[in-house]
Amino acid sequence: MCHDGDMNTAGDTQPILIVGATGYIGGRLLREFQERGQRVRCMARRPEYLRDRVAETTEVVGGDLLKPETLPKALEGIGVAYYLAHSMGSGKDFERDERQSAQNFADAALAAGVQRIIYLGGLAHGDALSPHLASRQAVGKVLRDSGVPAIEFRASVIIGSGSLSYELFRALAEKLPVMTTPRWVRTRTQPIAVEDVLAYLVAGSEIDLDSSRVYEIGGADKVSYEEMMKEYARQRGLRRWILPVPALSPRISSLWLGLVTPVYARVGRKLVDSLRNESVVHDQQALQDFSIRPRGMSEAIQRALANEDEEFATTRWNDALSMQGQSAGFGGVKFGQRIVDSRSVKVRTTPDRAFTPIRRLGGRTGYYYGDRLWKLRGLMDLVVGGAGLRRGRRNPEYALPGETIDFWRVEAYEPDHLLRLYAEMKVPGRAWLQFEVEPIEGGTLIRQTALYDPAGLLGLAYWYLLYPAHQFVFRGMLHGIARAIPRS
């Protein structure tokens, strides 16, 4: 049994573990603990995405929840472990993967002597839950039954700059003066500000706990998505009309969301399917056990809007690595020989100036050539369930490994030297786009390289069918970058 005196708090030397620190909530929780001076260890499948984004006192270790042999090292010496991983962006077996990941973690945590697990799940009731919500609650049960005392916080819609739900209704309200909406926009929710979610998560490491518990957490108001959109529009001074329609299938709704919001179709289908379930608090135990008094919907939106003055959110929902495309294969075919297509241009300037347009690539800046073709490619990607161009980029000037830029993910970034992007659009294989800047006599060399791992014959056919278009666009992009270099 574990009590408050046994727990690690900010003053203790024992680190806490965060699984899912690349995600929206995990990234903010990491920053919260770092500001408190708490020692933190983060476990990630791709630790290189995190190392440049954490404090010097934070340890980053590699680990894969589906590979049990990688977990003991991450859990060694840990008292409190935050489990914030999910597989919402993965394929059709996400429910199986989530349960197996949770079971592997639970077994490893018990063996390592972890004193407490804290988990953030989804709030809903009844037997007719969507597959996504049912999976989130099944994960919570696995952790609560692990033999390690666990706290499962079940949260309603989370409102904060960069959160999935906020980005959804924000985009709808901003882009559509007249909205024809399906029934799910009238489902009742109890939205909670991201700051209040973080407060609950931190407080969960400090309360007395001798057995597993479930806490339902929500804000002060019970409202619908329609009411949230109207409140956002009111605060932004926008006039919006909402016209209900009898029904829209999850697939049609998700494609519609993909066209006008940052939510791409595969995630959109799971999200829309979940919105049929009411998400309101039935059990008020959290208000009795914690001193936190969550703010209302209007204030939560106001704070999210205020934070957007920085041009980008500290963390965003699509930064989670589970939101990236699957890279193990395409249609069961193993990846073959990598194709390399490289070109370069010499410019009479310094490497730092030559790198400036490269680090600004994507988002509002665009791709320096053929932007209409890039937008068409993004639209095609949305239709087949990909990310499209709607994710934009977090910072218009700089990128860190692990961040998203439209339908790319930053795999490597070295200031004034290297940017390597991994493609998360739907392709029959794996693809990268890399830019390198090197000083040479009389100026600087910019090298652009497209790399492609085709998946069998379909992958090869895709590459050679689009080869002329790639040559046209990539060559134009490289020369467009050269023209965009600042001269002074």
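**Salt bridges, ring pairs and a helix**

Colleague: Arg-420: buried, exposed or partly exposed?

Modeller: Arg-420 is partly exposed, at 23% relative accessible area. Buried means under 20%, exposed over 50%, and partly exposed is in between (1.4 Å probe, protein chains only).

Colleague: What sort of model is this, and how are residues numbered?

Modeller: It is a predicted model: local features need pLDDT of at least 70, side-chain atom pairs need 80 or more, and totals for chains, interfaces and linings use all residues. Numbering starts from 1 along each chain as its sequence is written, and side-chain values use heavy atoms, without hydrogens or water.

Colleague: Which side chain meets Arg-420 in a salt bridge?

Modeller: Glu-411, at 3.0 Å from N to O. A salt bridge here is a side-chain nitrogen of Lys or Arg within 4 Å of a carboxyl oxygen of Asp or Glu. Glu-411 also forms one with Arg-46, where the closest N and O atoms are 3.4 Å apart.

Colleague: Where do Glu-411 and Arg-46 sit?

Modeller: Glu-411 is in strand β16 (residues 408-414). Arg-46 is in the loop between β2 (40-44) and α2 (48-51), so the pair links parts of the chain 365 residues apart. Helices (H or I, at least four residues) and strands (E, at least two) are DSSP runs, numbered from the N terminus.

Colleague: And how does Glu-411 count, buried or exposed?

Modeller: Glu-411 counts as buried, at 15% relative accessibility. Arg-46 counts as partly exposed, at 26%.

Colleague: How many salt bridges turn up in the whole structure?

Modeller: The search finds 25. Glu-32, Arg-36 and Glu-206 are linked in a network of them.

Colleague: Switching to rings. How many aromatic pairs are there?

Modeller: There are 20. Rings of Phe, Tyr and Trp (its six-membered ring) pair if their centres lie within 6.5 Å; planes under 30 degrees apart are stacked, over 60 edge-to-face, and the rest tilted. In Phe-33 and Tyr-82, the centres are 5.7 Å apart and the planes are at 55°, so that pair is tilted.

Colleague: Which elements hold Phe-33 and Tyr-82?

Modeller: Phe-33 is in helix α1 (residues 24-35) and Tyr-82 in strand β4 (residues 80-83), 49 residues apart. Phe-33 is buried at 4%, and Tyr-82 is buried at 0%.

Colleague: Which residues form an aromatic cluster?

Modeller: Tyr-367, Trp-374, Phe-407, Trp-408 and Phe-474 form one.
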